[in-house]
Amino acid sequence: MMDNLIRFVLVTMLSLAFLTGCQKENANEILIGQFGSLTGNEATFGISTDKGIQLAIEEINKVGGIKGKILKVITLDDQGKAEEAAQVVTRLITQNKVVALLGEVASSRSLAAAPIAQQNQIPMITPSSTNPKVTEIGDYIFRVCFIDPFQGTVMAKFAIENLAAKKIAVLRDVKSDYSVGLANFFTETLVKMGGEIVADVSYQGGDVDFKAQLTEIKGKNPDAIFVPGYYTEVGLIARQARQLDITVPLLGGDGWDSSKLSEIGQDSINGSYFSNHYTNESQEPMVQDFINKFKAKFNETPDGLAAMGYDAAKVLIAAMQNAANLTPKSIRDEIAKTKDFQMVTGKISLDEQRNAVKSAVVVKVDGPNFKYVTTVNP
Ligand code: PHE
């Protein structure tokens with residue numbers, strides 16, 4: 001008798017503790033999860049993306065939400081680590097019971113998280129992971145950006161046609177799926193177009209001293225150096241290259257897009273070029289409207305990550321509005337139908353492989369500004 005009572009009290013206490021420990025499910029809310037690098041070497045990626053997403057969520061909630069419910073996003077920091085990305089996504093799915101996921105920026109972290117989303121059949125949209133392998137994980141994984149075979153071609157063509165740079169050195173981050181993939185795709189096109197890779201050397205994300213690699217590169221006398229990395233290392237590489245009297249331009253991809261690039265690279269990064277998803281110089285009314293709304297809310301000009309985050313959230317919101325119901329399966333099916341969806345970063349149509357086919361821009365670094373140079377269509 002007493003035993004039973006004690007057991008009853010214990011079980012009740014445990015259940016209560018468990019329930020309050022979890023985010024309470026609220027019938028008036030739709031929960032979606034976001035995971036990103038809010039801290040660490042790529043913190044601006046996660047922070048900017050989050051701001052873009054917040055803006056999109058705020059807009060839909062202002063007009064009454066979706067199917068009479070308010071949209072709520074739970075954002076977890078993965079510190080820029082792949083293992084952590086897998087953990088926080090597991091938590092979002094099993095504890096918070098989100099119906100969809102937004103993230104990550106970096107391909108290696110999307111690759112760590114996507115199998116978990118796929119296994120649990122929770123749709124995931126990465127705003128900006130460009131490595132082809134990400135969406136190959138399965139039919140619940142989408143992206144609203146172009147992929148690196150295209151981005152690599154854009155920069156190889158640009159080097160040869162716009163800069164008359166044919167002898168190129170490549171400096172890649174071997175710890176990053178993005179960097180390795182983009183270096184390979186760039187090389188493929190460059191060689192096809194008659195260019196030559198005069199050096200192919202590597203570093204690992206987190207490194208701070210690149211003098212040995214740059215000395216080797218200098219010995220090969222290239223016309224330009226292709227550095228498909230993220231902004232922290234790229235900024236340091238630019239400075240150390242100039243210290244070694246290497247004066248040729250550096251070339252890169254979307255991973256350069258950060259307000260920190262010129263803070264770290266200072267004058268050394270000026271005059272270098274990279275490909276990106278968006279330019280804030282675009283006169284498209286939709287882009288200017290987005291920039292104005294973003295500035296009003298956050299008091300800063302949005303970078304490409306913010307624009308991609310906003311667009312990814314908009315695609316998800318539209319899918320939820322069109323979906324028969326708010327189950328992950330129903331939402332997934334609607335995301336897959338996304339077609340001619342005019343957004344800030346261009347017109348989004350998802351193909352059979354769940355990738356967006358879109359144009360890229362090339363910009364030139366000029367202090368904190370990235371000056372628009374050209375647009376390349378797929
Ligand atoms: N495309 C990069 C990747 O796949 C991420 C990135 C996108 C970084 C856009 C900056 C801007 O890893």
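Predicted model: local features only at pLDDT ≥ 70, side-chain atom pairs only at ≥ 80, totals over all residues.
## Two domains

The domain assignment divides the chain into two parts. Domain 1 is made of two stretches of the sequence, 25–146 and 282–359. Domain 2 is made of residues 149–276.

Taken over C-alpha atoms, the centres of domain 1 and domain 2 are 29 Å apart. In the contact between them, domain 1 takes part with 20 residues, and domain 2 also with 20 residues.

## Where the ligand lies

The ligand lies between domain 1 and domain 2, because both domains give residues to the shell around the ligand. The space that the ligand takes up is the largest cavity.

## The shell around the ligand

The ligand is surrounded by 13 residues. The closest of them are Ser107, Ser128, Thr130, Tyr230 and Asp254. By residue type, the shell holds 6 nonpolar residues, 6 polar residues and 1 charged residue.

## Polar atoms at the ligand

Which side chains place a polar atom at a nitrogen atom of the ligand? Threonine 130 has a polar side-chain atom 2.7 Å from a ligand nitrogen. Aspartate 254 has an N or O atom in its side chain that is also 2.7 Å from a nitrogen atom of the ligand.

Tyrosine 230 faces an oxygen atom of the ligand instead, with a polar side-chain atom at 2.5 Å from that oxygen. How much of the ligand's exposed area does the protein bury? The ligand taken alone exposes 330 Å², and the protein buries 100% of that area.

Note on methods. Residues numbered from 1 in each chain as written. Heavy atoms only, no water. Near = heavy atom within 4 Å. Polar contact = N/O pair within 3.5 Å; in protein donor to acceptor, adjacent residues only side chain to side chain. Areas by Shrake-Rupley, 256 points an atom, 1.4 Å probe, with all protein chains shown as cover. 1 Å grid on protein atoms, 1.4 Å probe; cavity = no way out; pocket = protein on both sides within 12 Å on 5 of 7 lines; lining within 4 Å. Sits in = over half its atoms within 2 Å of the grid points. Nonpolar A, V, L, I, M, F, W, Y, C, P; charged D, E, K, R; others polar. Domains from an automatic or database assignment. Contact = heavy atoms within 4.5 Å.
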